Amino acid sequence: MGFERWVWLGVFLLGALGILAARDAGEKDPLLEEGRALYLRACAACHGPGGEGGIGPALRQNPRLGSVAGLREVILGGREPYMPPVGAEFTPRELAAVISYLRAALGPGLSPVSEEEVSGPARP
Ligand code: HEC
């Protein structure tokens, strides 16, 4: 490969990096990022990677996203008959992250929640 081709390759790679950086800039809130990772790991298999539903109901624009207490209860305790208590071992930080992600990314721009808002006894 001649020198010029290497230059073009360099230009191309820099451009690609720029696109990646620009794409990430929109979602750099660490709590939401953590929530997204958790959602993909613990929920997406049943509710769909984009919350579109699957084995479980669609969560995108689901009216239940409006109730933080309701979400907390389902995540910690599961839902009969088919949803296991996937979040039983979540720390308050993880719970806040996944609830915030659900509300901000899948809901109609609902506010994120803090750890304080979601900590407390598992069965209120
Ligand atoms: C093994 C599959 C499975 C996993 C994993 C799972 N869910 Fe579910 N979820 C369900 C099913 C199925 C329902 C509906 C209740 C039923 O019929 O059992 C449900 C119901 C819900 C509901 C109530 C929705 C409604 O409209 O009533 C919410 C909210 C929810 N899940 C959130 C989550 C979150 C958040 C996670 C990850 C932390 C998660 N689920 C992981 C299967 C799953």
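Predicted model: local features only at pLDDT ≥ 70, side-chain atom pairs only at ≥ 80, totals over all residues.

Biologist: What makes Cys43, Cys46, Gly56, Tyr82 and Met83 stand out around the ligand?

Modeller: A residue counts as near a molecule if its C-beta atom lies within 6 Å of it, and of the 24 residues around the ligand these five, Cys43, Cys46, Gly56, Tyr82 and Met83, come nearest. The elements that contribute two or more residues to this shell are α3 (44–47), α4 (68–77) and α5 (92–106), and by class the shell holds 17 nonpolar, 4 polar and 3 charged residues.

Biologist: Which residues touch the most other members of the largest nonpolar core?

Modeller: Among its 19 residues, they are Tyr39, Leu95, Ala96, Val98, Ile99, Tyr101 and Leu102. Two or more members come from each of α2 (30–42), α4 and α5, and α5 supplies the largest share, 9 residues. Leaving aside residues up to four places away in sequence, Leu95 touches Arg72, Ile75, Gly87, Phe90 and Val118.

Biologist: Why are Gly35, Arg36, Leu38 and Tyr39 of α2 called buried?

Modeller: The term requires 20 or more other C-beta atoms within 10 Å of a residue's own, and Gly35, Arg36, Leu38 and Tyr39 are the residues of α2 that are classed as buried, so each of them meets that cut-off. What covers these buried residues includes α3 and α5.

Biologist: How does the reach of α2 compare with the expected 18 Å?

Modeller: With 13 residues, and at 1.5 Å a residue, α2 is expected to reach 18 Å, and its span from first C-alpha to last, 18 Å, is close to that value.

Definitions and conventions:
Residues numbered from 1 in each chain as written. Helix = DSSP H or I, 4+ residues; strand = E, 2+ residues; numbered from the N terminus. Nonpolar A, V, L, I, M, F, W, Y, C, P; charged D, E, K, R; others polar. Core = buried A, V, L, I, M, F, W, Y, C linked by C-beta atoms within 7 Å. Buried ≥ 20, exposed ≤ 12 C-beta atoms within 10 Å, placed from the backbone. Contact = placed C-beta atoms within 7 Å. Expected span 1.5 Å × (residues − 1).
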